[in-house]
Amino acid sequence: MEIGVVTLFPALFEAYSEVGMVRKAMQQQQLALNTVNPRDYATDTHRTVDDRPFGGGPGMVMKVEPLQAAIKACKQTTPNGPVIYLSPQGQRFDQAMAESLAEQASMVLVCGRYEGIDERLIEMDIDREVSVGDYVLSGGETAAMCVIDAVSRLLPGVLGDAESVQQDSFTADGLLDHPHYTRPESVAGRDVPEVLLSGDHQRIRQWRRQQALTRTQERRPDLLADANIDEQDRAFLKKIRLEKIRLEKARLEKARLDK
Ligand code: ADE
């Protein structure tokens with residue numbers, strides 16, 4: 001996959017592409033990253049890329065012309081892929097979007113700074129807006145890195161063990177991940193759950209499934225609506241719900257008696 005990044009801070013992406021999964025994907029020639037700096041396309045002597053907002057208000061707005069020229073330059077190596085603007089107004093990025101983007105041959109990620117970019121640039125040159133979450137970053141660069149990271153680890157052969165993608169949170173049936181442990185067996189009095197040392201793979205699989213279900217119900221019950229769960233899973237979820245209610249009742253009763 002060929003990813004073009006339009007950014008005022010290309011050095012951030014150079015550093016990022018020297019480590020971990022992104023570096024591996026690039027070494028395997030599954031991923032090529034190409035940054036273009038809009039400042040290189042500013043035409044005045046000060047190389048201005050931003051200006052004050054019409055209508056007043058705080059902050060600066062990124063100008064159309066340098067950004068447009070930078071996107072055009074970027075598209076020379078990525079002519080057919082979508083042009084994505086990272087912004088809090090965008091569609092929320094999630095694993096399903098990462099999976100569908102990983103199928104593209106190329107894309108251009110446009111990183112804004114300041115208060116945002118001129119709306120007319122969005123109308124003319126942006127295919128979609130993507131947000132990494134309901135918070136405001138000072139620029140789109142870290143959001144673009146989230147997208148690059150999540151997408152590049154899905155490219156064929158990038159993760160050594162194909163299983164690890166299968167078992168990720170959100171990939172394994174839309175549930176959160178189960179907990180993981182490694183040596184030593186005991187840390188500050190906390191022991192690895194006995195089942196994981198048992199060598200009984202059937203029991204281990206069942207324990208992990210139940211942990212994933214429990215965590216998802218406790219932390220992200222909203223995910224259960226779309227999760228791929230069967231009758232046995234449902235029965236387990238009901239059991240832990242009833243157990244929670246029983247414990248809560250016992251707690252209230254104890255509080256009443258203690259009064
Ligand atoms: N730029 C600023 N905030 C952002 C966010 N939440 N997601 C994507 N890009 C952004």
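In what order do the five strands of the open sheet lie? The order is β2-β1-β6-β5-β8, with parallel pairing; strands (E, at least two residues) and helices (H or I, at least four) are DSSP runs numbered from the N terminus, and two strands pair if DSSP finds at least two bridges between them. The model is predicted, with local features requiring pLDDT of at least 70 and side-chain atom pairs counted only at pLDDT 80 or more, whereas totals for chains, interfaces and linings use all residues. Residues are numbered from 1 along each chain as its sequence is written, and side-chain values use heavy atoms, without hydrogens and water.

The edges of the sheet are formed by β2 (32–36) and β8 (128–131), each of which pairs on one side only. Strand β1 (residues 2–6) is joined to β2 in the parallel sense over five bridges, and Val5 stands opposite Thr35 in β2.

Helix α3 (residues 64–75) lies across β1, β2, β5 (83–92) and β6 (106–111), as judged by contact, meaning heavy atoms within 4.5 Å. Its direction is at about 165 degrees to β1; axes are lines fitted to C-alpha atoms, for helices over the stretch in contact, and angles run from 0 to 180 degrees between N-to-C directions. Helix α6 (residues 141–152) also lies across β1, β2, β5 and β6, running at about 160 degrees to β6.

Polar contacts are pairs of N or O atoms within 3.5 Å. A nitrogen atom of the ligand lies 2.7 Å from a polar backbone atom of Tyr135, and one is 3.1 Å from a polar backbone atom of Gly133.

Conventions:
A polar contact is a pair of N or O atoms within 3.5 Å; within protein, one must be able to donate a hydrogen and the other to accept it, and residues adjacent in sequence count only if both atoms are side-chain atoms.
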